[in-house]
Amino acid sequence: MTEHSDIDHVSGTSTTGHQWDGIKELNTPLPRWWVITFYLTIVWAIGYWIVYPAWPLLWSHTTGIWNYSTRADVATELANLEKIRGDKMVALGNASLEEIEKNPALLALARARGKTVFGDNCAPCHGSGGAGAKGYPNLNDDEWLWGGSLDQIMQTIQFGARSGHSKAHEGAMLAFGKDGILKKDEIVTVANYVRSLSGLPTAAGYNAAAGAKLFADNCVACHGDNGKGNQELGAPNLTDKIWLYGSDEATLIETISNGRAGVMPAWVGRLDPSTIKALTVYVHSLGGGK
Amino acid sequence: MNKTVNPTDLELDDNAPLYAARKKVYPQSVSGTFRRTKWGLMAFCLGVYYLLPFVRWNRGLGAPDQAVLVDLPNSRFYFFFIELWPQEVYYFTGLLIVAALTLFLMNAVGGRIWCGYLCPQTVWTDLFYAVERLIEGDRRERMRKDAAKGTMKLERFAEMLLKHSIWLMIAWWTGGAWVLYFNDAPTLVKQLITFQAPMIAYIWIGILTATTYIFAGWMREQVCVYMCPWPRIQAALTDEWALNVTYKYDRGEARTSLKKANELRALGQPVGDCVDCYQCVAVCPTGIDIRNGSQLDCIQCGLCIDACDTVMTKIGRPTRLIGYDNDINIHRRQEGKPPIYRIVRPRTITYAALIAAVGAIMLYAMLTRTLLDINVLHDRNPVAVKLSDGSIRNAYTVRFLNKRGFDRAIAIDVDGPVNATLHIVGADSVTQDRPVIILARDTTTELRILVTAPAENNPEKSVPVNFRVTDIGLGEVASATDHFVSP
Ligand code: SF4
Ligand code: SF4
């Protein structure tokens, strides 16, 4: 402590002793309430450390005397949400699928609920907007392996296809090559015939009559006389422009040689009935529903 | 006056206090032009604030009839004939820009006049001072009473109790008026009285009561000096032409007592007009001496002008020894030149032009605001779907906004690919080949619209598609354009 002090002549205030370009820094003390507020914030912070989880320890952290946890908060809020939704979901469960589609409020709810459930459960295979992928049907178009009416869609969602559930859709494309039913050149011929069914160009020198005969002998059982398919068996329509695995010659040869048996899981038991209803309405309203 | 100090000669003042106790300010009552202006503006501001929620505005059946209402549950904001939706919050951005620019303009013209006349802190503090003066007396009396704290009598205690009760009542009423902007005022008043108002209303009244009481009753000028950011910003924005409350030292100095001044004047010797009576200091609500030059603590309230004018009139000298002026003019007068005032200069022109421009944009947006609106969102995944017959379909999520206070039937038209067909998931009815839906009043409706281009007309690539809605009754039209794409 020195006895000296430098007082600014103009203001009569003492200075800190710093000066820049001849401008002196005045030592203007803080107001007392300001300082008290500052100390209070420190006390507050210490209280905070004690009450709430705050300090990281080596392997965990201090939990605070209130045992506060954001996870618990989220759980409570989710439970509350379910409670709020409860009534509406019950209404959804009680209405028939047709009624839901006719009632704007229920339709909006079903579409909203269906969309989230779809995102959580169906998007991995069918894509977030139901656009599908090779081997996974596009749910926006109007070709349905197992039928596109509300009831048929619900049936498929509930029990799946080749899912192992007793009520699941069964029936698979045979492996005509692997199982030795058709010879290699016959497979090429029938593949070109199938392409011709939907108006696609065929390979040069391909024998159309032979193709028609091979198709009649081997394929009509499932795909029908004129290749229009059969939804009972999940046999796709071969005359339209939509191809689940691809329409080029090589892909068709592979399909005929090795067969196809994609699996759709059964959702009954995993999703509650009203959620399945919402999902059905959502998928139906994507645009392809019949 | 400033002498340069050699840095090596400087000594640290280690005995300076770390903090300072508040010096209580006892502003004296004063009368004059600026005081009258302040009373007028206070009456106006408080009147608007307390009474506005009770003003009615007819908006038709079912719509709130409160002229100014912030309807949080329904996300609507009503201001007389204006009704704003959440989609239109940019109006508030415009409003904030205009407010900031107006503050800048005021500052360029007259310094911190906002602070001195219109700032809520000033208005309520002024009101609280008026109450204090009424109950406890003027400056000297209050100082005497505070000094005699140790020997408090019952009378003094009753006085203080009365003052704080009135302060609290004003504060409480301030909080009460605040919540009335968020709900139908007469209904809420009834609920508040019968203790049936929502909890949140009581909480807000509590918060506003506490802040008003503490800020206007206890903190007063400290809010302006230590807490408010505006003086700091203002100091950086101001220039030498701004008219600030200024002590004209060219006229005032050298100051001396009235008696001495008269003697000197009789002898024909030069003498200043300031008689060092300290009236300007006594009336100042921030407790400063304006004769030290313009300073951060001055809120430009002009009360010192009134005080000094009174003195000048009494001693028979010209008024406005203190007045709205600037340093340039002081120097000009010292050099014998007439003072000049430049309100119109690049800075003020720029601010005014910006205010006009933003205002015009807002007005234009307001006048062309549609009451029927449509937003279109194209499906992203998949963007296009090929159907079994080879036709292409695109799906859109379309949101309709009906901002009118009644339900209305609207028809939907889509111009896109040649011969495209339209399907609406959940459409109400179809007339004359085009879908018609009912939009409930004052709501948004979301629909899924599927547009299909037949196989023979498959567009090569992306073509524009225009969605148009027409109010069947009123003929009002809104449209939005998106694209129709092929896979
Ligand atoms: S110096 Fe004058 S104008 Fe500034 S705050 Fe004090 S009384 Fe008001
Ligand atoms: S009121 Fe006027 S005369 Fe009195 S001290 Fe202030 S400036 Fe000087």
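This is a conversation about how the terms used for this predicted model follow from its values.

Modeller: Because the model is predicted, local features need pLDDT of at least 70 and side-chain atom pairs count only at pLDDT 80 or more, while totals for chains, interfaces and linings use all residues. Residues are numbered from 1 along each chain as its sequence is written, chains are lettered from A and ligands numbered from 1 in the order in which they are written, and side-chain values use heavy atoms, with hydrogens and water left out.

Biologist: Why is A:Asn192 called buried?

Modeller: Buried means under 20% relative accessible area, exposed over 50% and partly exposed in between, with a 1.4 Å probe and protein chains only. A:Asn192 has 2% relative accessibility, and therefore counts as buried. This residue is found in helix 7 (residues 184–197) of chain A, where a helix is a DSSP run of H or I with at least four residues, a strand is a run of E with at least two, and both are numbered from the N terminus. Leaving aside residues up to four places away in sequence, A:Asn192 touches A:Thr202, A:Ala203, A:Tyr206 and A:Glu249, contact being heavy atoms within 4.5 Å.

Biologist: Which residues of helix 6 of chain A are buried, and what covers them?

Modeller: In helix 6 (residues 150–159), the buried ones are A:Leu150, A:Ile153, A:Met154, A:Thr156, A:Ile157 and A:Phe159. Their cover includes helix 3 (97–102) and helix 11 (273–285) of chain A.

Biologist: What makes helix 4 of chain A roughly perpendicular to helix 11 of chain A?

Modeller: The axes of helix 4 (residues 104–121) and helix 11 of chain A come within 7 Å and cross at roughly 95 degrees. Axes are lines fitted to C-alpha atoms, for helices over the stretch in contact, and angles run from 0 to 180 degrees between N-to-C directions. Angles under 35 degrees count as roughly parallel, over 145 as roughly antiparallel, 65 to 115 as roughly perpendicular and the rest as oblique, so the two helices are roughly perpendicular. The residues of their contact divide into nine nonpolar, three polar and three charged; here Ala, Val, Leu, Ile, Met, Phe, Trp, Tyr, Cys and Pro count as nonpolar, Asp, Glu, Lys and Arg as charged, and the others, Gly among them, as polar.

Biologist: How do you know how helix 4 and helix 5 of chain B stand to each other?

Modeller: The axes of helix 4 (residues 120–136) and helix 5 (residues 139–147) of chain B come within 9 Å and cross at roughly 75 degrees, and these helices are therefore roughly perpendicular to each other. Their contact has one nonpolar, no polar and six charged residues, including B:Glu132 and B:Arg133 in helix 4 and B:Lys145 in helix 5.

Biologist: Why do strand 2 and strand 4 of chain B stand at the edges?

Modeller: Three strands of chain B form an open sheet in the order 2-3-4, with antiparallel pairing. Strand 2 (68–71) and strand 4 (82–84) each have a single partner strand, so one side of each is left without a neighbour in the sheet.

Biologist: How do you know that strand 2 pairs with strand 3 in chain B?

Modeller: Two strands pair if DSSP finds at least two bridges between them, and four bridges join strand 2 to strand 3 (residues 76–79) of chain B. In strand 3, B:Phe79 is the bridge partner of B:Val68.
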